[in-house]
Amino acid sequence: NRDTIGLVCHFGAATILLSHLLNVSAMQLLHTTFMAPTAITAVLTEERERGTAQWRTTVIGDVSHLVAAGEPMSMSGFFQETFE
């Protein structure tokens, strides 16, 4: 069908959901991905085989809406300090 579903969720929930949909290790995504608190992630489907949906990610952690409005991106959740 052509339905659109929108979800608003925390980084942890979004990462676990993405790992399930994309068949990728949740630990890999949790440890290597950063999404700002107001970031947008888009996941679409394609029907490659009749009756079977394939999930495809087009955007992860997009903040272009903030940049366009002149707003700074929050680095909340990002480890900014360096080890010396």
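User: What should I know about the numbering and the model before I start?

Analyst: Residues are numbered from 1 along each chain as its sequence is written, and side-chain values use heavy atoms, leaving out hydrogens and water. The model is predicted, so local features need pLDDT of at least 70 and side-chain atom pairs count only at pLDDT 80 or more, while totals for chains, interfaces and linings use all residues.

User: How many helices and strands does the protein chain have, and in what order do the elements run?

Analyst: Helices (H or I, at least four residues) and strands (E, at least two) are DSSP runs, numbered from the N terminus. Here there are three helices and two strands. From the N terminus on, the order is α-α-β-β-α.

User: What share of the residues counts as buried?

Analyst: Buried means under 20% relative accessible area, exposed over 50%, and partly exposed in between (1.4 Å probe, protein chains only). Of the 84 residues, 12% count as buried. Accessible areas come from the Shrake-Rupley method with a 1.4 Å probe; for residues, only the protein chains shown count as cover. The accessible surface of the protein chain comes to about 7100 Å². Carbon and sulfur atoms hold 55% of that surface.

User: Which residues does threonine 15 touch?

Analyst: Contact means heavy atoms within 4.5 Å. Threonine 15 sits in helix H1. Not counting residues up to four places away in sequence, it touches Ala26, Leu29, Leu30 and Met35. Threonine 15 is buried, because its relative accessible area is 1%.

User: What lies 2.7 Å from a polar atom of the threonine 15 side chain?

Analyst: The backbone oxygen of phenylalanine 11 does. A polar contact is a pair of N or O atoms within 3.5 Å. Within protein, one atom must be able to donate a hydrogen and the other to accept it; residues adjacent in sequence count only if both atoms are side-chain atoms.

User: Is serine 19 buried or exposed, and what does it touch?

Analyst: Serine 19 is also placed in helix H1. It counts as buried, because its relative accessibility is 8%. Leaving out residues up to four places away in sequence, serine 19 touches Val24, Ser25, Ala26 and Leu29.

User: Where is alanine 26, and what is it in contact with?

Analyst: Alanine 26 is in helix H2 (residues 26–32). Beyond its neighbours within four places, it is in contact with Thr15, Ile16 and Ser19. Its relative accessibility is 21%, so alanine 26 counts as partly exposed. The C-alpha atoms of alanine 26 and isoleucine 40 are separated by 19 Å, with the two residues 14 apart along the chain.

User: What stands out about the phi of asparagine 23?

Analyst: It is positive, at about 55°, although asparagine 23 is not a glycine. This residue is found in the loop between H1 and H2. Asparagine 23 counts as exposed, because its relative accessibility is 73%.

User: How many salt bridges does a search of the whole structure find?

Analyst: Side chains of opposite charge can pair when their charged atoms come close. A salt bridge is a side-chain nitrogen of Lys or Arg within 4 Å of a carboxyl oxygen of Asp or Glu. The search finds two. Arginine 48 meets glutamate 46 at 3.3 Å, N to O. Glutamate 46 also meets arginine 56, at 3.2 Å. This second pair links distant parts of the chain: glutamate 46 is in strand S1 (residues 40–49) and arginine 56 in strand S2 (residues 52–62), ten residues apart. Together, Glu46, Arg48 and Arg56 are linked in a network of salt bridges.

User: Which residues make the nonpolar surface patch?

Analyst: Patches are made of residues with over 30% relative accessible area and no salt bridge; like charges are joined within 9 Å, nonpolar side chains (Val, Leu, Ile, Met, Phe, Trp, Tyr) within 5 Å. Ile5, Leu7 and Leu17 make a patch of about 330 Å². Leucine 7 lies in the segment before helix H1 (11–22). It counts as exposed, because its relative accessibility is 60%.
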